[in-house]
Amino acid sequence: MVWKAWLVSAVSCVLLSWVGAGLAADAGVCVPLLPGVLQHVKPSEVHVGGEIGRRIELTIKRNVLALDYDRDFLEPFQNRLEFPATKEKRELYRKSGRQQFIGTGETLDAIVYLAAYTQDSEVIQLKGRLVESLLATQDSDGYIGQFVREPNSNPLYFDFTWEDASFIALALAHDYQYFGNEASRQAARSLVECLIEGYRQNPSKVQGFSAISYCDALLAVYQFTGEQRFFAAFKDTKLGPIRSNKVASLCDWDDVLFQRGWHDARSGARKDVVPTDLPGRQICHVYRYLDRIYTQLKLHRLEPNDNYVHMSRKFYKALVRSEKPGMTIVGGMGRHEGWSEDQCGADGHSETCAATYSLWFFEELANLDGDLRYGDLMERVIYNALFAAQAPEGRQLRYFTPFTGQRPYYHTDIFCCPGNFRRGISRLPLNVYYRFKDGIAVNLYTPSDAKIDLGDGLSVRISQVTNYPTDGHVKLTVSPSKSAVFPVYLRLPRWCSQPEVKINGDSALGKAEAAVITREWKASDTIELSLPMPWRFIKGRELQAERAAVMRGPVVYCLSGELNKLPADMPLCDIVIDPNSLRDPLEDSRVRPNGVSCTVAAWSPGRDVSQSPDLKLILSEFPEPTGEAIYFRLSDPAVAVDDELIE
């Protein structure tokens, strides 16, 4: 329709004007935005402390700066192999030791965000070296890959070559976005053009895989060019794969919810994971679905259409429904990368890629609905699934983070989950504060400060002093550049039944789902927020029925058999704990500074609860690396309550 074409054209002009404004304001650094009620603070204008800030610093120093980039991330692009077009060549490729997916673009993308946030010279230099090294491998037609280029584009369709290239293009686009790097802009554009041409040459092949981040890269290039062909490719390119997603473009994708996952449809799938006799090809690869719906919601921002929201609503409802919820109590999703509804937390649970993309999905839903309560899900994921995917010392990462049984670390620094963990951590500073509607939103509670531009010459300094999540006391200081009336939105977590809000020490506000404080703000005005954190026993569902998990605030607590010196053959899930024995939290800095643990009295499996408890157990925060169980039987099941995030 003519009006739709006009709308897209108008949005393009607005986006380009924002880019130009960003260049003028930040001396070469541009920050293109998508329209919406929820806007990020510039990474360089926010500083985060507390456990979130510590994890960011830990990831930079102990992981990002400790990787072997030449060997693992650059060598495959610098020393290309012949395209393995025959069975013999494919076998030689397998024996070369190279991974199907490297994840160079993922890790570079994280480094770009970390450099923009920290402005640290060492991180910026690393970013520059990686960009320069990758650009040196780029062919004249834009191709970057680990195989010798062929005129028929076949190398793009082997394993995850297209996906690797898409992530690299996205990272280069972000390098231009935050650092104004013209070489990155040109390289991102050329690489995306190469992918578009590869699709044009053989569109049936690209339908065989989903090419995660391809649409995101197209959108990023469209944002800084305003050229309609990139927008058309972004929304109209049909992607698959048929075994995981219905082959469709973002414009017309509508799918069903699924019963089993990516790995479960393969020959010899383990029947103890998911039954293999389900009818049809009912397969849902959670990470790929999250990428599709998250990107579809971005399209909705540019071209509002209820059809672009339908799958997000369906997926979200399936995550939090009361029967067979797809999200577990730790914020994880899926098992062995596939959709799971049985609440089984054993090996293969909670892929790190899915945890990271769920944060961005929840953020997009918050923008869609103008509702900060999606931040409750974000913090559940952050403090449990995401942080537990990293060793306390920071170097090792996990592909999966089960909550039943042992949690092994991943054997390599490359591939999807390590890269996406770094990306998830790198964007956490953007999730603390937002310019929201006509004011400021406080989404995450953590020691921090930020400068937020509200337009018309008004900027606001906002800071937090808090020990969250050790306790729920938060003091915010709001200092506008000049006295002004605007709202401050506070997310009041659903786990807190009696929040209290005070302004400058006296003006109390009543309980609300989300406090909105609109007043004339002056320099150094304060908001004191009290979020009491009583212990909660959360009812288990499906396979965890008749058991309960222990929570305090957003954090789930776990039992380590090793820490508690329990017999290796003891079924931890059949331990019965006495809820009345739970007392005030204890300081425990083994996993994080100012961390918390608790002690509970309990009965060994099979012991008569009419007798005295024979166990005194320590329960640790879920990121405890040796944690093995979170669900237990209760001597008084009546104290258990429903998870407030389940609807």
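Analyst: The protein chain has 16 helices and 20 strands; helices (H or I, at least four residues) and strands (E, at least two) are DSSP runs, numbered from the N terminus. This is a predicted model, in which local features need pLDDT of at least 70 and side-chain atom pairs count only at pLDDT 80 or more, while totals for chains, interfaces and linings use all residues. Residues are numbered from 1 along each chain as its sequence is written, and side-chain values use heavy atoms, with hydrogens and water left out.

Of the 647 residues in the protein chain, 60% are buried, where buried means under 20% relative accessible area, exposed over 50%, and partly exposed in between (1.4 Å probe, protein chains only).

Helix H13 covers residues 310-320, and its buried residues include Met-311, Phe-315, Tyr-316 and Leu-319. The buried residues of H13 pack against helix H12 (286-302), helix H14 (352-369) and helix H15 (374-386).

Two of these partners, H12 and H14, also meet each other. Their axes come within 9 Å and cross at roughly 25 degrees; axes are lines fitted to C-alpha atoms, for helices over the stretch in contact, and angles run from 0 to 180 degrees between N-to-C directions. H12 and H14 are therefore roughly parallel to each other, since angles under 35 degrees count as roughly parallel, over 145 as roughly antiparallel, 65 to 115 as roughly perpendicular and the rest as oblique. The contact (heavy atoms within 4.5 Å) involves, among others, Leu-290, Ile-293, Tyr-294 and Leu-297 of H12 and Tyr-357, Trp-360, Phe-361 and Leu-365 of H14. The residues of this contact divide into 13 nonpolar, 3 polar and 4 charged. Here Ala, Val, Leu, Ile, Met, Phe, Trp, Tyr, Cys and Pro count as nonpolar, Asp, Glu, Lys and Arg as charged, and the others, Gly among them, as polar.

The loop between H15 and helix H16 (416-426) holds Phe-387. At 1% relative accessibility, Phe-387 counts as buried. Not counting residues up to four places away in sequence, Phe-387 touches Glu-51, Ile-52, Arg-55, Ile-382, Ile-425, Leu-428 and Pro-623. Phe-387 and Leu-397 are 10 residues apart in sequence, and their C-alpha atoms are 9.7 Å apart in space.
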